[in-house]
Amino acid sequence: MIYLPEHAAPPSAGFDFGLSPHQEERATRLHRESIVIDLLSQHAGNTIFDHYPDALKQELCAALADAKSPMEAYLRAVYWPYELSREGRSDLIADWFRQSGLTCGTYGIGVHDGTDALENQWEAATQRYADLPWLRYVTTTREIREAKRDGVIAFYAHCQPTTPIPRDLKCIDTAYAKGLRSLMLTYNSMDHVGVGCTERVDAGLSNYGLDVVRHCNSIGMIVDVSHCGHLTTMDACRHSSRPVTANHTAATGVFGHARGKSDEALRAIAATGGLIGVVAVPAFLTDDPEPSIEHMLNHIDYVANLVGWQHVAIGTDWPLQAPTPLLRTLLSPDNKALGFRKQDRLDVTQRLTGFDDCRDLPNITRGLVKRGYADEAIRGILGENALRVIMGVCG
Amino acid sequence: MNPETSQVDPAIAGIIDGADVWDMTLPWLPIYWDMNVLASYRAAGYTFVSATLQDWPPTLAGTERCITRFKAAAAPASDWLMFGSSLEQIDAGRRQGKLVVGLNSQETRLIGEDLSHIEGLYALGVRHMLLAYNVRNLVADGCAESANAGLSNFGRQVIREMNRVGMIVDCAHTGRQSSLEAIELSTAPVIFSHANPHTLCDHIRNLHDDQIRACAKRGGVIGVVGVGAYLGDEQARTETVFKHIDYLCQTVGPQAVGLGTDYVKILPASRYEREWAAAANDADTRSWPEAGNAWPDPPGKQLAVESTRCFAPSQLPELVSMMHARGYSKTNIRDILGGNFRRVYTVAERMRATGESPAA
């Protein structure tokens, strides 16, 4: 079975940008022809669960109720659509990806010492779907282009260290061998590597953090600073000899939020030759009670004007692929392990109008057309900029 | 009267014999598991030694194993040696003429992200805990980190829980900003169990005057270290230890000064790894110093720990004699020898018992 991108549905009619028929045609063509990379994809998004028949929904509920922890339930939810595909019971998620026009999304590989049961579970789950005919785990730009050519969805591995990177560089090598190519230095809190963005204090990298950056540079692992605090972000840019990314963030020049980056940080990241991936997470983009994809595009515009479109990419990170009650538990400010606070206003029920799930990726292209970007810039933001960085660091 | 103090001026011996003599840090490597070393503390007149009995990097299980194993090894010496964590036990030991061994932890990372382990460590007998050891952890920055971060959000929870439990916050090896924030936040006095003034010796382990002043102002105590590298004296002469004590007394007064001599035997660096691993009875030998440059030397002029001597327990009478000769009162000398740290223990025990902060 071959899934050709040409089968992709036309751009969603769900959001009215007021495009002319000619502009719609141009957006459709650009989206179809471009390499489309989401640097922090959250699979299909949580609306997918509404589209399964009731019997399957009940099965999912039972599987989640049976989980030992919210994180384990989350893992089950994320991989549930893949499991159904593997069992030949539903290819809905493959169908949604096809409709999205996505060339390459991301999956997680943890950096750990092998003793963490949950990390091992994630890895086992990831491996379980490696031979699905419609997806392909990739590590190089060549493989991403081949996936586009072959009509399969590519997945590129990124690590968000909600459990801090162990104090042993060999763990990074182990993760690299498993396919990891992008490593975020910290999550939201301070750890022995650096300081996260929701901490009350700000500071640069630790001595070990510097070793981590140098080691990533030497083995060809992208250094990512998405959740890092300001000084840790600046330090990483100062010390990295290769391009640095913030693959899912926003611009505080548009809207002040701990998860966004200041102009100074955005300039520093761009100066490494790196990338700023803009999120579709409403709370990070705006406090407008009716957030829409226009807010995401405002951030894209801002970063492009500040540092050039060559440094802009997409890293949606939203909506997460799990039922809402579970997400509410996971991302609650009471879950101190994740480090999101009440003032970070993370609302799992909120979505951008015009970006409900992965099938709305074409809306980004349509929005870029509406805002007057040239074809080259649109192709860059959708994927070619990311390919340049991946090529430069990983090959 | 014991042989060490009998050779000195009876007036000096009298001061020591009438005092609580506390050494707030003895990292108890298996190579020290020689009762003669502890006997030398007792012979010199020490009444209490706070030992670090843990694996490295420390784990809860390794700490428990270390304590259990050492208790077994020390059992034959029970006629002159005992374990004691509470003041009641420490006082009972002194009345019986025994050297009392208490416990500390030189890291917080063994609690992971679970505050309840602080109560668990207290139950084991651990009474003071370093927030960080040289390198950054989830709680605080270490003194070897040039980035000098403050306390993390989690670190602030740790301090509150330590206050509640009655575990003394110890900022030795902790970064400058983190230690200042810990002192400000803690409702109980904060100690530096083993650190020297930076003004006298430019070393990452030593304290700047703002740390010294903040600590003293809130009723805390600084234990002067006897390691040559932190004294700035390869020979670890008594005169140099006195200079460090005197600097602290001149800066913040004798109520904030104590002893925390740290190592009494220095090993070649290559042996620490093996010794700490052996301490945990752990076949899995981990690196020490671990990745992360646990002992960087930015000024390039620090003496290497393993190339220097350490202040020995037998130097204590000479130290007391020196303080006496320089006009330190008997009361002040006794406070420095142990009374000051004892005061901090008293406050911590009262706070645990009553749930109240110390009177301002």
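These questions and answers concern a predicted model with chains A and B. Residues are numbered from 1 along each chain as its sequence is written, and chains are lettered from A and ligands numbered from 1 in the order in which they are written. Local features need pLDDT of at least 70 and side-chain atom pairs count only at pLDDT 80 or more, while totals for chains, interfaces and linings use all residues.

Me: How many residues of chain A are in contact with chain B, and how many of chain B with chain A?
Reply: Two residues are in contact if their C-beta atoms, placed from the backbone, lie within 7 Å. Under that rule the counts are 19 residues of chain A and 21 residues of chain B.

Me: How does the side of chain A that touches chain B divide by class?
Reply: Ala, Val, Leu, Ile, Met, Phe, Trp, Tyr, Cys and Pro count as nonpolar, Asp, Glu, Lys and Arg as charged, and the others, Gly among them, as polar. On that side of chain A the classes are eight nonpolar, five polar and six charged residues.

Me: Is A:Asn207 buried or exposed?
Reply: A residue is buried if 20 or more other C-beta atoms lie within 10 Å of its own, exposed if 12 or fewer, and partly exposed in between, with C-beta atoms placed from the backbone. A:Asn207 belongs to helix H8 (residues 207–219) of chain A; helices (H or I, at least four residues) and strands (E, at least two) are DSSP runs, numbered from the N terminus. Because A:Asn207 has 21 other C-beta atoms within 10 Å, A:Asn207 is buried.

Me: Which residues touch the most other members of the largest nonpolar core?
Reply: A nonpolar core is a set of buried Ala, Val, Leu, Ile, Met, Phe, Trp, Tyr and Cys residues joined through C-beta atoms within 7 Å. Leaving out residues up to four places away in sequence, A:Val303 touches A:Ala251, A:Leu266, A:Ile276, A:Val278 and A:Val312. Of the 222 residues in the largest core, those touching the most other members are A:Leu183, A:Val303 and B:Ile222.

Me: How many residues of H14(A) are buried?
Reply: What covers the buried residues of H14(A) includes H1, helix H4 (92–100), helix H12 (293–307), strand E9 (312–314) and helix H15 (375–393) of chain A. Among the buried residues are A:Leu361, A:Arg366 and A:Val369. H14(A) is mostly covered, and the buried count out of its ten residues is nine.

Me: Which residues of H14(A) meet H1(A)?
Reply: The axes of H1 (residues 21–33) and H14 (residues 361–370) of chain A come within 9 Å and cross at roughly 130°; axes are lines fitted to C-alpha atoms, for helices over the stretch in contact, and angles run from 0 to 180 degrees between N-to-C directions. The two helices are therefore oblique to each other, given that angles under 35 degrees count as roughly parallel, over 145 as roughly antiparallel, 65 to 115 as roughly perpendicular and the rest as oblique. From H1(A) come A:Gln23, A:Arg26, A:Ala27, A:Leu30 and A:His31, and from H14(A) A:Pro362, A:Thr365, A:Arg366, A:Val369 and A:Lys370.

Me: How are H9(A) and H10(A) oriented to each other?
Reply: Helix H9 (residues 230–239) and helix H10 (residues 263–271) of chain A pack with axes 9 Å apart, at an angle of about 20°. That angle makes H9(A) and H10(A) roughly parallel.

Me: What percentage of the residues of chain B count as buried?
Reply: Chain B has 14 helices and eight strands. Of its 360 residues, the buried share is 52%.
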